[in-house]
Amino acid sequence: MTPAEWTDANEGPDVALLPTDGLPPRETVWLFGKTENGPLSAHFSLHEFHCRCNDRGCHQTLIHPRLVDVLQTLRESLGRPLPLTSGFRCKTYNRVVGGRIRSQHTRGMAADIACASLAQVEELAAAAQKLPAVGGLGKYPARLFVHIDVRPRNHNTTPEMWIG
Ligand SMILES: [Zn+2]
């Protein structure tokens, strides 16, 4: 994997470029090129997080390491694959899919996870709610997915939760 150039096409927190010899420090959000791939954790690879659009101007991917940690923890505790239907979104794609303007997806801090049943939606949401790093949690029972993000959580409170 090679470092990518940062442009004004996306905005986000301070970014760390990916060094050629491994993953950058975990305090900052990671920036990858959209054509890059490689393992981010035991069960998640970079390609799963890339923006799903076909826009030529979309060539970068932000991923906060805290998001990867949360997903990996959930993957291990539930013991089943967690297919991502949306990870990072460029602003254009976020608009196309009707995401909120300041969506955590555009900051590399959110993932939508497909579930096979309503029971899996409930099970995943219940497990995610217990993780302190989870700051936003959306249940979408009709469309069978769960949104999880790692926005900062206010002290001693539960994550922001909603049903879509
Ligand atoms: Zn895009």
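Modeller: Two residues are in contact if their C-beta atoms, placed from the backbone, lie within 7 Å. The model is predicted, so that local features need pLDDT of at least 70 and side-chain atom pairs count only at pLDDT 80 or more, while totals for chains, interfaces and linings use all residues. Residues are numbered from 1 along each chain as its sequence is written.

Leaving aside residues up to four places away in sequence, Ile113 touches Leu82, Pro83, Leu84, Leu124, Phe145, Val146 and Ile148. Together with Ile63, Val146 and Ile148, Ile113 touches the most other members of the largest nonpolar core, which has 36 residues; such a core is a set of buried Ala, Val, Leu, Ile, Met, Phe, Trp, Tyr and Cys residues joined through C-beta atoms within 7 Å, and buried requires 20 or more other C-beta atoms within 10 Å of a residue's own. Two or more residues of this core come from each of strand 2 (29-33), strand 3 (60-63), helix 1, strand 5 (110-114), helix 3 and strand 7 (145-149), where helices (H or I, at least four residues) and strands (E, at least two) are DSSP runs numbered from the N terminus. Helix 1 supplies the largest share, 5 residues.

Helix 1 also meets helix 3, with Leu74, Ser77 and Leu78 of helix 1 touching Glu123, Leu124, Ala127 and Ala128 of helix 3. For the protein chain of 164 residues, 37% count as buried, and 60% of its contacts with a separation of 6 or more link residues 24 or more positions apart.

Methods. A residue is buried if 20 or more other C-beta atoms lie within 10 Å of its own, exposed if 12 or fewer, and partly exposed in between; C-beta atoms are placed from the backbone.
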